Amino acid sequence: MRKGLILALVSCAAMTMAVSSPAFAEDVTLNALFMKQAGYSEEDVTAMTQAFTESTGIQVNPTFVAYEELAPKILTSAASGGYDVILGDCIWPAQFAKAGLVLDVTDRVEALDLDDIYQGALDATRYEGKYYGMPWLNDVKYMFVNTKLLADAGIEEVPTTWDELIEDAKAVKDQGICEYPIAACYAQAECLICDYTCIAGAFGGAFVDENNEPTLNSEENVAALDFMASTLTDGLCNPKSLEMIEDDVLSTFAAGNAVFAINWTYQFASMNDESQSSVAGQGVITPIPGTDKAESATVNGGMPLMITAGCQHPDEAWDYMQFLASKEMQAEYCANALPIWKSLYTDEGVIEKAGAEVVAASQIQFDYIVNRPMVPYYNELSTSMQSEIQRVLLGELSAQEALDGLQETALSLAEG
Amino acid sequence: MRLRKEEERYALKLISPSMIVVFGVIIVPIVTTFIYTLVNIDPLSAHKGEFAGLSFYIKALTSKVFWEDLGRTLHFTIASTAIETVLGMLIALLLNQKFPGVKFLRSIIIIPWALPTVVNGSLWKLMLNGEYGVINALLVRFHLISSYQSWLGNPKTAMWCIILADAWKMTPLAVIFFLAALQGIDNTIYEAAKVDGAGAFRRFQAITLPALKPTIMVIVVMRTVEKFKAFDIFYLMTRGGPANSTKTLMYDTYLQAFTNLNYSEAATYAYLIALVVALMTLIYVKLMNREEA
């Protein structure tokens with residue numbers, strides 16, 4: 001009896017200690033979810049994570065999945081805290097915040113030196129004035145041009161407007177230098193909407209107004225979509241673009257089968273890598289062309305790090321996110337992703353690692369960022385847009401018909 | 001009497017772990033999903049938590065998208081099952097003959113089936129690539145097409161490419177089934193028919209085909225149900241594109257759940273799929289029973 005009582009008391013004491021004693025950093029293990037493609041490589045993130053563990057003692061298990069796997073993994077695990085830290089796309093904070101999947105970190109973000117962070121990177125974490133993540137991946141799309149093929153056609157200047165680009169593309173095609181001078185990622189995927197955002201922006205269009213009201217069937221958006229379709233019917237854009245995502249655009253460009261391609265920053269390093277490109281040294285990175293409505297336009301591809309609603313160690317998770325996004329880490333690993341910090345763009349080490357051309361192009365392109373609609377229903381709208389825009393590109397539907405239908409869809413989704 | 005009760009109690013103890021597993025992983029999700037079809041649980045909806053009754057079913061069944069998805073699902077299911085069954089039978093008939101190397105052929109025929117779907121999907125996607133795919137190279141080399149085509153970027157060909165990829169992987173399964181059935185047919189029946197003057201086609205029609213009927217039935221039942229639920233091959237090869245030409249019911253269910261966060265709609269789609277599959281199974285079972293009778 002006495003023995004049993006002692007045992008019970010000891011058990012109670014042990015349980016109380018376990019519950020009340022503070023968690024030491026060494027006891028904390030975080031699970032983090034990252035993407036395998038574009039931006040920081042798996043090796044970069046692993047190295048950053050090791051450095052974090054060495055300096056804090058906090059263990060982190062990073063998991064890397066393809067972009068398409070990110071959302072399903074987050075949705076199935078966020079509530080239970082399967083992952084503490086997740087990498088999200090800039091189009092998700094609105095949806096995730098409304099669904100209660102990620103933590104509001106406004107106070108933590110506002111404590112940062114916000115003036116030194118690019119607006120695009122901040123926008124990628126914001127919904128209705130609140131921040132839901134730490135800005136991390138700062139990316140936009142650029143135009144990549146094979147200047148050698150262009151020079152072969154007797155053209156020395158890189159086009160700065162879409163009209164000039166079309167003229168150049170015709171010249172290249174007519175001279176038999178490249179059958180399809182333009183490669184684009186028009187597959188039924190988010191990349192199609194990214195490219196359409198860039199082109200619609202250059203035509204002065206946007207998918208929502210300043211109050212987030214849908215404006216899909218605006219004159220400018222119709223003109224931009226008509227323009228995209230015409231590049232296919234005129235044989236200037238590769239017809240295989242309808243099955244291409246970003247990596248396919250890169251491989252087509254790297255094989256010398258395209259003169260013009262819109263892609264994320266990572267194309268610059270890959271197309272100049274002789275082990276995977278036959279056009280190394282031939283291509284340049286430039287801002288996306290414009291029209292008389294806008295000098296240029298690109299799409300925000302920023303990706304923040306977020307803390308899931310089920311995370312048991314939000315303070316440690318925030319420390320980890322801040323470490324990954326610190327100036328030191330961003331300066332060290334800037335070859336595949338440009339920093340979020342403005343002050344790093346004058347750092348000689350960063351310019352050397354990221355490439356002077358990339359930094360120079362980014363300084364212009366960052367001024368023309370267009371956000372995709374930051375509304376909770378965006379993903380559903382995007383799914384509809386992808387198939388309807390493809391129908392226009394395939395010639396099954398006119399741009400006006402498609403965008404009128406999409407406007408109705410957007411209005412009904414906005415109503416909830 | 002007492003002994004019997006003790007035995008029953010002992011038996012109950014033995015099967016209780018499996019009952020818990022069955023209850024946990026089958027019955028609970030089935031019931032929960034059904035509840036989700038009746039109550040709005042969409043996290044983004046203004047009506048979250050409200051009882052919806054049959055409105056999700058009505059919405060699905062009256063939507064054009066659902067019927068278009070169903071049409072594409074049936075296209076894939078019927079075409080793919082038909083190809084696998086016919087091709088499987090023809091290959092099995094060939095491999096049932098005696099010729100040098102037949103044992104080797106019987107062994108390697110199984111390889112496509114042994115490949116994981118993820119490998120199969122990626123393999124075919126690469127082979128069909130419009131820029132550097134080997135299928136384009138072969139067709140151009142044999143002058144069957146003049147230039148590389150975007151097979152997966154064309155709504156007219158994308159579904160057929162998936163059917164081809166799926167049939168290539170799954171036909172060996174049908175071959176094995178048919179081969180086993182063919183080897184069970186008594187050879188003396190063929191010899192007797194030959195003596196009676198029956199030709200090869202007549203022998204196939206009168207002896208082989210009736211003997212293979214139960215196997216055909218099994219393959220058709222199994223494959224139809226499996227194909228109706230197919231998701232991975234679509235996810236890997238086209239993700240429903242181009243222009244939704246390969247968007248099936250199952251793929252749409254995935255989109256509703258994991259892209260749009262319309263959990264109740266996804267649950268309703270899943271239930272409707274289960275209903276169709278159950279209906280098909282019932283018809284097949286009845287047909288099989290009639291055959292046996």
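Visitor: How many residues does the contact take from chain A and from chain B?

Guide: This is a predicted model, in which local features need pLDDT of at least 70 and side-chain atom pairs count only at pLDDT 80 or more, while totals for chains, interfaces and linings use all residues. Residues are numbered from 1 along each chain as its sequence is written, and chains are lettered from A and ligands numbered from 1 in the order in which they are written. Two residues are in contact if their C-beta atoms, placed from the backbone, lie within 7 Å. Here 27 residues come from chain A and 21 residues from chain B.

Visitor: Which element gives the most to the side of chain A that touches chain B?

Guide: Helices (H or I, at least four residues) and strands (E, at least two) are DSSP runs, numbered from the N terminus. On the side of chain A that touches chain B, α17(A) gives the most, with 6 residues. The elements of chain A that give two or more residues to this side are α3 (67–77), α4 (93–98) and α17 (378–393).

Visitor: How do α10(A) and α17(A) pack?

Guide: Two packed helices are described by the angle between their axes and the distance between the axes. The axes are lines fitted to C-alpha atoms, for helices over the stretch in contact, and angles run from 0 to 180 degrees between N-to-C directions. Helix α10 (residues 219–233) of chain A packs against α17(A) at about 50 degrees, with the axes 9 Å apart. Angles under 35 degrees count as roughly parallel, over 145 as roughly antiparallel, 65 to 115 as roughly perpendicular and the rest as oblique; α10(A) and α17(A) are therefore oblique to each other. A:Leu225, A:Met228, A:Ala229 and A:Leu232 of α10(A) meet A:Ile389, A:Val392 and A:Leu393 of α17(A).

Visitor: Which strands pair with β1(A)?

Guide: Two strands pair if DSSP finds at least two bridges between them. Strand β2 (residues 59–65) of chain A runs parallel to β1(A), joined by 7 bridges, and A:Ala32 has A:Pro62 as its bridge partner in β2(A). Strand β3 (residues 85–87) of chain A pairs with β1(A) in the parallel sense over 2 bridges, where A:Leu33 stands opposite A:Ile86.
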